[in-house]
Amino acid sequence: MTLSSNSASSVVKAPEKKSSLKANQFWARVIFSISVLYFLIPLVATFYWSLRGKKDVLGFEAYKKLFADTNFLPAFSESIVNAIAAIFLSLLIIVPTAYWVTLRLPKLRPVVEFITLLPFVIPAIVLVFGLIRLYSRPPLLWTATYDSSRVLLVCVYAALSFPYMFRSVDNGLRAIDVRALTEAAQSLGANWVTILLRVIFPNLRTALLSGALLTFAIVIGELTIALYMAQHTLGPYMADLTRSKVYEPSAMAIVSFAITWAAMGIIQLVTGGQGQTTGGH
Amino acid sequence: MKSSINTDPKLTNTTVGGVKRPPQFQIGHWFGVIPFFVFSGLFLIAPTVVLAYRSLESPAGGLTLEFYGDLLNETVISAYVMSIRISLTTAILGGIIGFLIAWAVSIGGLPRPFRSITTTFSGVASNFAGVPLASAFVFTLGRVGAITALLKLFGVELYKSGFSLYSFLGLTLVYLYFQIPLMVLVILPALDGLKRDWREAAENLGATPYQYWRHVALPVLTPSILGTMILLFGNSFGAHATAYALTGGLFTLATLLIGQQISGDVLHNPGLGYAVAMGMVIVMAVSIFIYSILQRRSERWLR
């Protein structure tokens, strides 16, 4: 009796399950297709515009004009240098901190974590407001010249990268046995600098690379802080371009999208999809 | 020599085979983290503290809450209201749509490659903000954008029917471009955390898919979903670059108002400008705080 009722229910249930699976797949496809439209149309439209630089012919004229613009390459290279400097500065600060917090000062971890999250709490526009009020007059005059402002900008970018950098490095440190590696190195007579540079750094390569690339993607076209600190970097340049030119902004948007795509793609490759990949706006 | 090692209880625990350790002065303990604290102090904390102090500093000397009272000024209120409206709308819409996409590529049964494409693209799109994003939408839905032109061919005059990219609706459409992917990235791991056993147990007890979602999956996911929506709220509330690039900084929005205040005292009241900035920090702090509470809650089930 029980047996038969059991088998009966399973007979009834099986096709029902299949149909609900099919319904799932149907809706999944609908949702996916609509979102593909929303996300691809702006990119396709921009790409199409970027090919229309010359009248009535499709071609790469807009890109040629963009790269020929005397302001583009200086702004671009300045942003690249700023980004790389910010990445190294951030690594130099975050790696020892994360290492020390893991190994020696675990009690400090909540404090450090809290501070690294501050860039999420303080919007960029508020931060630059405070920076200008703090550093644009004596006794802490820091924005007197273009180059000193640039140093300040790089430092702020490094601070903005803390959430991503700390998280990647911290995840990386969790994946290796820091204590055992440190003690092994010590027993071989290594000092702290050697341990950090030759034992910890190489073991964190993947984590450092993904933190660095994420920072790069966020910093390279940053607008808000650079704008109000009057820096001639890519962000303000792009904003000017959208006001003064017709076709070049589309080429610029595509180039910028390609850079972001490259950075995220490499992170996916090196981390096998485990990388943390969200920034701020 | 030997006794000096043994008298320190900390050392006897960790010293392996009489290895010589570096001297453990208290200052040495802190040495590794000092640069971090100095740096954060100079570039994150001090600028915020200066704004906080200035917002409380009375022109006559002493401290005052006067400027926070001034926040009830028409310009300030309309900027905050618009910021909150856009943030709420994009957080809720972005949250729902992002959740559906995450569902489609994980539980919905789409083939495996769709999922990795979605996560990679979400990583890109959630970071594709600012000027390039604004440009992309101008070329799509601006006055001469591709979709605007295409609709014209079909006889639909988008800009005559009241639509504008430089309005609440337009900005919402643009913001969703980074809000939805952020939701997908954050909520996917939570969906993965739903255990197959729960579904099977529910089915064996005769639950319909609706009952399973209503009574098992959604209650477990609710803290994550709400928490992430709050994260999206903050993400949009603090956003400046995209709106600036799209509207030239002239739209009514709290971040843009601060921008105008930096360039020239548009509020004709410096103290009020600082209070507006601090108001943003407070809203952001509260939302991040709620987010972290909800996130901790969801970890109880999902990890």
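**Entry 1: A:D147**

I looked up A:D147 and found it in helix α7 (residues 146-160) of chain A. Helices here are DSSP runs of H or I with at least four residues, strands are runs of E with at least two, and both are numbered from the N terminus. The model is predicted, so local features need pLDDT of at least 70 and side-chain atom pairs count only at pLDDT 80 or more, while totals for chains, interfaces and linings use all residues. Residues are numbered from 1 along each chain as its sequence is written, and chains are lettered from A and ligands numbered from 1 in the order in which they are written.

Is A:D147 buried or exposed? I noted it as exposed, because 8 other C-beta atoms lie within 10 Å. The rule is this: 20 or more other C-beta atoms within 10 Å of its own make a residue buried, 12 or fewer make it exposed, and counts in between make it partly exposed, with C-beta atoms placed from the backbone.

I then checked A:D147 against A:Q231. The two are 84 residues apart in sequence. In space, their C-alpha atoms are 9.2 Å apart.

**Entry 2: A:A230**

I went on to A:A230. This residue sits in the loop between α12 (224-228) and α13 (234-244) of chain A. A:A230 counts as exposed because it has 12 C-beta neighbours inside 10 Å.

**Entry 3: chain A overall**

I counted the elements of chain A: 14 helices and zero strands. Chain A has 281 residues, and 46% of them count as buried.

Next I looked at contacts. Two residues are in contact if their C-beta atoms, placed from the backbone, lie within 7 Å. I took the contacts in chain A with a separation of 6 or more, and 75% of them join residues 24 or more positions apart.

**Entry 4: domains of chain A**

Chain A is divided into domain 1 (2-50) and domain 2 (62-271). The bounds come from an automatic or database domain assignment. The two domain centres, taken over C-alpha atoms, are separated by 40 Å.

How many residues of domain 1 of chain A are in contact with domain 2 of chain A? I found five, and they meet eight residues of domain 2. On the domain 1 side, three are nonpolar, two are polar and none is charged. For these classes, Ala, Val, Leu, Ile, Met, Phe, Trp, Tyr, Cys and Pro are nonpolar, Asp, Glu, Lys and Arg are charged, and the others, Gly among them, are polar.

**Entry 5: α3 and α11 of chain A**

I compared helix α3 (residues 72-103) of chain A with helix α11 (residues 205-219) of chain A. Their axes come within 9 Å and cross at roughly 140°. That angle makes α3(A) oblique to α11(A). Angles under 35 degrees count as roughly parallel, over 145 as roughly antiparallel, 65 to 115 as roughly perpendicular, and the rest as oblique. The axes are lines fitted to C-alpha atoms, for helices over the stretch in contact, and angles run from 0 to 180 degrees between N-to-C directions.

Which residues make the contact? From α3(A) I listed A:N82, A:A83, A:A86, A:I87, A:S90 and A:L91. From α11(A) I listed A:L208, A:A212, A:T215, A:F216 and A:V219. By class, the contact has eight nonpolar, three polar and no charged residues.

**Entry 6: chain A against chain B**

I looked up where the chains touch. In chain A, 78 residues are in contact with 70 residues of chain B. Helix α1 (residues 2-50) gives the most to the chain A side, with 17 residues. That side divides into 52 nonpolar, 23 polar and three charged residues.

**Entry 7: chain B**

The domain assignment of chain B gives domain 1 (31-64) and domain 2 (73-302). Their C-alpha centres lie 30 Å apart. Five residues of domain 1 of chain B are in contact with six residues of domain 2 of chain B.

I also checked helix α6 (residues 74-106) of chain B and helix α7 (residues 112-127) of chain B. Their axes come within 8 Å and cross at roughly 145°. B:I101, B:V105 and B:S106 in α6(B) meet B:F114, B:R115 and B:T118 in α7(B).

B:H268 is exposed, with 9 other C-beta atoms within 10 Å.
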